[in-house]
Amino acid sequence: MIRFLPIIFVALTISVIAQNSEIDSLKRVLVKSYNPTDKANVSLLLARNYESVDIDQGKIYARRALLENNDSIMARACNQLGRLFFYSSQLDSAKIYFEKAIKLLTKIGNKKQVASLSNSLGAVQLRQGDYNKCIKTLTESSAYFEECGDEVIVAKCYNNMSAAFAELGKYPKAIEYNAFAIDIFNKYNMLSYQLIALPNLAAQYLKAGDTLKAIEYNLQAEELAMRVGNKRSLSIIYNNLGSVYLDIDAAKAKEYLLNAISLKNELNLKNGIEVAQGNLGYLHLKNKNYKTALDYYLEVKNQVNGEQLVYVLDQISKCYKGMHNYDKALQSAQNARILKDSLTDAENKKIFSEIQISYETEKREREILELERKNLEVDNKRIRNQNLLLSLLALFFFVTVFVYFFLKKTRRRQQQEQNKLLKRLKEQELQGLDKIIEAQENERQRIANDLHDNLGSRMATLKLLINDVHQQLPKQHHTKFKKLESLAEETYGEVRKIAHNNHTGVLISRGLIPSMKIIANQISESNNTSVYVININVEKRIKNNIEIQVFRILQELITNIIKHAKASEITIQFSEDKDELNVMIEDDGIGFDIKKINYGLGLTNIEKRLTSLAGKINIDTSPGNGTTIILTIPL
């Protein structure tokens, strides 16, 4: 069974934990230093001492040293920043600073330091999953130090190369390189490097299928780490032991993994924490704790790449499937497949062959020359058959892809045409609605003009005639003429009121809110209903066509409230938020059951007007609790 296995932490030289007294001493020296070069050198020492104590403080002092305009100091500062970014798992930044350091050292001709920094760059490439490039970089670095006879740095390079070979599945090669490195570290009693190499070797034996060897080397590493008090190495070792016991002893595996996470959090270490999280996700998924497993895998997803990311996406798909979220399960599975296709093993083998050609060319040539002619003929025949099969498969693949994309493009084009048609129909519908509303407004205006100019003037003349006749008649007829005058006065008032209500163009010219206040006053004076208009924050004038439509909507709503709600009070609030006009109409009436609402002509007109304005209406009511209506109109 494939499961989440760790990228073993390999590499950069791990600094010894600095004592607080040493840091304090260096700070005192820094305060007393006035020479820029001296300040830069002390800052670099502080950055190095903070490496295992406080990485962020280390970056601050390294950047101070970087300000010194000296190629050698700048190279050291870039190197230190690369180390610090590496330890905080900011690999892109680490790569940039290591490359800057190499460029500066190449400029001043320091080949030895360039080769040494290439080892650090190789460690970054290893962590980024660029294993072939890592091997190429470290091969060049080790070649330099082999010529110099520097066994220690060669061992460091081999240690990193072994991890890269392991990630490419070349476990015998990985174990061979790592065993060489461990011999050198033991020879020179380099405990810190033994603590790197032993867990690496244990992990490689595990991947090669030798569980007993994996446990043996991990326990050796644990004993050594506890003896020297190295919590950083213990966090790596516990990660590895958690991986070893995943399918052997789940309880022990969980204990090791939680200890690893605890130590990494204590030391503020980012690298490797995704390993423990991934393995804990594996254990929870195995026990069908899908939600907990998903939480762990989502944490891991943003921390890994390459084949590991393919694995995590597959595990996430399983979690979603277990939770019956099949859409997300399918999406994760498709993402995993796409990523896996891009990580072709053939490309890895090709690059690997190019890197190793200088080491194994002679051996391969001798093996080829020793092949018998008959075997060569069989191989050629097999290759021809294989190539034919691959060609047919490739042809089938390209035809399938072509058909897939062609059908997809056709469906997309059909969908686009359908969307365009729907859009045109919608536009035509809105244009027709605009014309209907415009016709209604024109008709209202015509009626208002007729009432005001014709019937209104005649009613005024009638009032004058009645008054003249009243003056000339005997007193016994005065009571009847008083009633006649009163009736004429009321009729004239009603005519003016109807004409005024329909004459929106004149009234609305004052603005929506002032017009509504006038309407509110008129209703409050002539009815038992008090109407209040409140402007919260609407300051600028609204477009005329919007004002007219909103005015008509509010007229319709107020009329409905007066007719049906039995309300004693109506409150209308205007506010503006993010280019939207919000109007809230509240009443203290009897309310109604919104499920039984009857869409009459008035409410239908309101919805049509709102549709033309791309607006929305929300009604909140229930029997006996009044009604709140909220209108939202884009400005």
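User: What makes two strands count as a pair here?

Analyst: Two strands pair if DSSP finds at least two bridges between them; strands are DSSP runs (E, at least two residues) and helices are runs of H or I, at least four residues, numbered from the N terminus. This is a predicted model, where local features need pLDDT of at least 70, side-chain atom pairs count only at pLDDT 80 or more, and totals for chains, interfaces and linings use all residues. Residues are numbered from 1 along each chain as its sequence is written, and side-chain values use heavy atoms, with hydrogens and water left out.

User: How many bridges join strand 4 to strand 5?

Analyst: There are 6 between strand 4 (residues 616–621) and strand 5 (residues 627–634), which run antiparallel. With at least two needed, they're a pair. They form a hairpin with 5 residues between them, and Gly624 in the turn has a positive phi of about 85°.

User: Why is Gln277 called buried?

Analyst: Buried means under 20% relative accessible area, exposed over 50%, and partly exposed in between (1.4 Å probe, protein chains only). Gln277 comes in at 12%, so it counts as buried. This residue lies in helix 14 (residues 273–286). Leaving aside neighbours within four places in sequence, Gln277 is in contact (heavy atoms within 4.5 Å) with Ile261, Tyr296, Glu299, Val300 and Gln303.

User: How do you know that the buried residues of helix 5 line one face?

Analyst: The buried ones include Leu91, Tyr97 and Leu105. Seen down the axis, the buried residues of helix 5 fall within an arc of 165° (taken from the directions from the helix axis to the C-beta atoms), so they line one face. On the other side, Asp92, Lys103 and Lys107 are exposed.
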